[in-house]
Amino acid sequence: MASNPPAACCASGFKHEGTPAGETKKINGVDTYIVYPKDKTPEKAILFVTDIFGIFTNSQILADEYANNGYLTIMPDLFQGDKISVSDMESGKADLPAWFPNHQPANVEPIIESTIKYARETLGVKKIGAVGYCFGGKYVCRFLKPGQIDVGYTAHPSFVTHEELGAIKGPLSIAAAEVDSIFTTQLRHESEDTLIKAGQPWQINLFSGVSHGFGVRADLSDPKQKWAKEQAFCQAVAWFNQHL
């Protein structure tokens with residue numbers, strides 16, 4: 001296992017403030033958040049594969065920032081309305097063991113496949129990068145194949161197997177947290193060996209003083225967490241600018 005299954009820390013974090021700039025529309029029956037870059041044709045897009053909170057303010061604001069950096073960004077509702085709500089997280093009602101069995105690859109992958117097809121065939125996108133936060137990291141690895149995803153980035157990935165990581169066929173960048181019971185120090189080092197054997201361009205940046213989830217749910221009132229979140233985002237953009 002390159003990263004452990006999601007745990008309680010996946011349902012923790014801070015809600016960010018802001019007004020999303022994109023729009024949510026139905027694509028093949030799935031609610032999908034889409035935000036376009038200014039003055040850019042959508043030849044390059046980013047598929048945003050969310051954490052267990054799905055489409056909510058934090059992820060939408062991040063998607064907007066990818067668009068501000070020149071990339072059409074598409075975020076499908078992987079959970080078909082059954083995401084973990086922020087209110088349940090805050091009240092301690094989030095029941096992850098009961099939730100996860102309903103959101104396995106057989107449930108999630110058809111949505112991702114449909115979104116990729118829409119981007120390529122309907123929107124005319126030529127190249128697609130993918131970002132995956134926590135839960136989404138697994139699917140960035142699984143879809144990093146010719147004709148699917150061209151370039152990948154994941155922050156504090158969960159539930160990734162060594163087989164999935166070793167089978168990637170494109171460049172992959174990872175942002176890791178110093179404190180992470182899911183993407184542990186040992187698993188991070190094992191992942192380095194797996195990535196070397198995979199033979200694709202790769203990068204792992206380790207951020208001190210932050211924990212799992214910082215890339216999308218950091219406490220922005222804490223300068224250390226805010227800086228790490230922003231730098232992890234810059235890491236992703238730089239990776240896409242280089243490889244996409």
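What follows is a walk through the fold, the central sheet, the nonpolar cores and a few individual residues of this predicted model.

Residue numbers start at 1 along each chain as its sequence is written, and side-chain values rest on heavy atoms, with hydrogens and water left out. As the model is predicted, local features need pLDDT of at least 70 and side-chain atom pairs count only at pLDDT 80 or more, while totals for chains, interfaces and linings use all residues.

The unreviewed UniProt entry carries the annotation "domain: Dienelactone hydrolase" over residues 30-244; UniProt positions are in the numbering used here, feature names are shortened, and annotations may be inferred rather than shown by experiment. Across residues 30-244, 42% of the chain is helix and 22% is strand, and the end C-alpha atoms sit 26 Å apart. Helices (H or I, at least four residues) and strands (E, at least two) are DSSP runs, numbered from the N terminus.

The strands form an open sheet of eight with mixed pairing, in the order β1-β2-β4-β3-β5-β6-β7-β8. β1 (23-27) and β8 (202-211) are the edge strands, each pairing on one side only. On average, and ignoring direction, neighbouring strands of this sheet are turned by 25° against each other. Two strands count as paired if DSSP finds at least two bridges between them, and axes are lines fitted to C-alpha atoms (for helices over the stretch in contact), with angles running from 0 to 180 degrees between N-to-C directions.

Five of its five residues are buried, so β6 is largely enclosed by the rest of the structure. Here buried means under 20% relative accessible area, exposed means over 50%, and partly exposed is in between (1.4 Å probe, protein chains only). Both faces are covered: V151, Y153 and A155 are buried on one side, and G152 and T154 on the other. β6 pairs in the parallel sense with β5 (residues 127-133) over five bridges, and V131 stands opposite Y153. With β7 (residues 172-179), β6 runs parallel through four bridges, A175 being the bridge partner of A155.

Two crossovers connect parts of this sheet. β5, helix α5 (residues 137-142) and β6 make up a right-handed β-α-β unit. Right-handed here means that, with the strands pointing away from the viewer, the path from the first strand over the helix to the second runs clockwise. β7 and β8 pair in the parallel sense over seven bridges, with S211 as the bridge partner of V179. From β7 the chain crosses through helix α7 (residues 185-198) to β8, in a β-α-β crossover that is also right-handed. Elsewhere in the sheet, β3 (residues 44-49) and β4 (residues 72-76) run parallel and share three bridges, with A45 opposite L72. Helix α9 (residues 223-243) lies across β3, β5, β6, β7 and β8, running at about 170° to β8; contact is counted for heavy atoms within 4.5 Å.

Then there are the cores. A nonpolar core is a set of buried Ala, Val, Leu, Ile, Met, Phe, Trp, Tyr and Cys residues joined through side-chain atoms within 4.5 Å. The largest one has 46 residues, of which L47, I52, L78, I112, F135, I149 and L172 touch the most other members. Helix α4 supplies the largest share of this core, six residues. Apart from it lies another core, of 30 residues, including A63, F214, F233 and F240. Leaving out residues up to four places away in sequence, the contacts of L47 include I74, I112, V131 and I149.

T50 sits in the loop between β3 and α1 (57-68) and is buried, at 0% relative accessible area. Its neighbours, not counting residues up to four places away in sequence, are M75, L78, F79, Y133, F135 and G136. The C-alpha atoms of T50 and Y133 are separated by 5.6 Å, although the two residues are 83 apart along the chain. P110, in helix α4 (residues 105-122), is partly exposed at 43% relative accessible area.

Finally, a word on backbone torsions. Most residues other than glycine have a negative phi. Q80 has a positive phi of about 50° without being a glycine; Q80 lies in the loop between β4 and α2 (86-91) and counts as exposed at 53% relative accessibility. F159 also has a positive phi, near 65°. F159 belongs to the loop between β6 and α6 (162-166) and, at 27% relative accessibility, counts as partly exposed.
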